[in-house]
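Dear colleague,

I am passing on the structure below, with notes on its pockets and its core. Please read them alongside the coordinates.

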Amino acid sequence: MFSFCADPSVLPDWQWMACYLTTGSHFALYRSVLVVLLLLALAAPLALGMGFLGALAVRSGNAALRGVGTVYVSMVRGIPDVIFFLFVPFAIDQGVEFLRHKILCPDWDQPIRQGNDFIVCQAAKMPLASDPAWMHDVWGFTLALIAFALVFGAFAANTLNGAMNAVPRAQLETAEAYGMTQAQTFRRVLLPQMWVYALPGLSNLWMILTKATPLLFLLGIQDVVFWARELGGQKTGHYAYTHPDWRVWYFLGVLAFYLTLTWVSQKVFDRLMVRLNHGQATAGGEALRKAPA
């Protein structure tokens, strides 16, 4: 904090605002923006990877693998997202603690389930009570990341499966006629061409993922929504920086952040779509071929 912030009550308005916006709580707000961006940067490729595996499972010739893929896609798509976002972190957290409990505390003679309570030995806690705060934050973030990847991976699987089905069958038959194996046909013909059909659905999925990041607040992670509510609330004389209820201004800032993020994302997807349409037998590819140089 600046040296002239020692007594905020006697500062001019501009100095008061400068001091107010550089408090430790506000730096936590700024860091929470990075948390949201980090979640998006990690969740998107993980969800895409889960979706790709799910799509391959749904299309598999193995009945058991096809059943697993179909159940995964159908179950996640048919259950409200909030339920998964609340269930998955708790299930993984308790599952890890249960396994650690069995390994680290074999002499424990009390039941783990005691009514509604889940009780394990202290050594099995994940993370330990003695661990630094950043380890608790990383563990909570990891659980949230897994939940996001599982949920949006199911939607990505459905999108990618539809994109694979949209590739003209004649192209695959031509590849087979040239002597390509099934794996070569998939890798050289189907996989490169499916992206132009998948990108519109994946771009919509990215927008939904972006809008779902405030669910971090439900998982106990201090994201931008948490800090907007916390800092915007009315502050009385017990605080160094007293102010009325400013939540509307903080939430307008959150609104501007998400609108900017989605606007930039749309521009990126538009450029990517133009690039993917080059040379493709699609409406977009035909429009590019007819466009003046």
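Fifteen residues line the second largest pocket, and those nearest its centre are Ala44, Leu48, Leu202, Trp206 and Phe269. Bear in mind that this is a predicted model. The volume of the second largest pocket is about 290 Å³. Its lining divides into 15 nonpolar residues, no polar and no charged. Two or more lining residues come from each of H2, H5, helix H7 (182–212) and helix H9 (247–277). H7 gives the most, with 6 residues.

The largest pocket has a volume of about 630 Å³. Its lining has 25 residues, with Asp137, Gly140, Phe141, Gly220 and Ile221 nearest the centre. Helix H2 (24–58), helix H4 (81–104) and H5 are the elements that each give two or more residues to this lining, and H5 gives the most, with 7 residues. By type, the lining of the largest pocket divides into 16 nonpolar, 5 polar and 4 charged residues.

On the packing: the largest nonpolar core holds 57 residues, of which Phe85, Phe148 and Phe152 touch the most other members. Helix H5 (residues 133–166) supplies the largest share of this core, 13 residues. Leaving aside residues up to four places away in sequence, Phe85 touches Ala147, Phe148, Val151, Phe152, Leu215 and Leu219. There is also a second, separate core of 6 residues, including Cys105, Phe118, Val120 and Ala124.

Regards

Methods:
Residues numbered from 1 in each chain as written. Predicted model: local features only at pLDDT ≥ 70, side-chain atom pairs only at ≥ 80, totals over all residues. Heavy atoms only, no water. Core = buried A, V, L, I, M, F, W, Y, C linked by side-chain atoms within 4.5 Å. Buried < 20%, exposed > 50% of the residue type's maximum accessible area, 1.4 Å probe, protein only. Helix = DSSP H or I, 4+ residues; strand = E, 2+ residues; numbered from the N terminus. Contact = heavy atoms within 4.5 Å. 1 Å grid on protein atoms, 1.4 Å probe; cavity = no way out; pocket = protein on both sides within 12 Å on 5 of 7 lines; lining within 4 Å. Points joined across faces, edges and corners; volume = space filled by probe spheres on them. Nonpolar A, V, L, I, M, F, W, Y, C, P; charged D, E, K, R; others polar.
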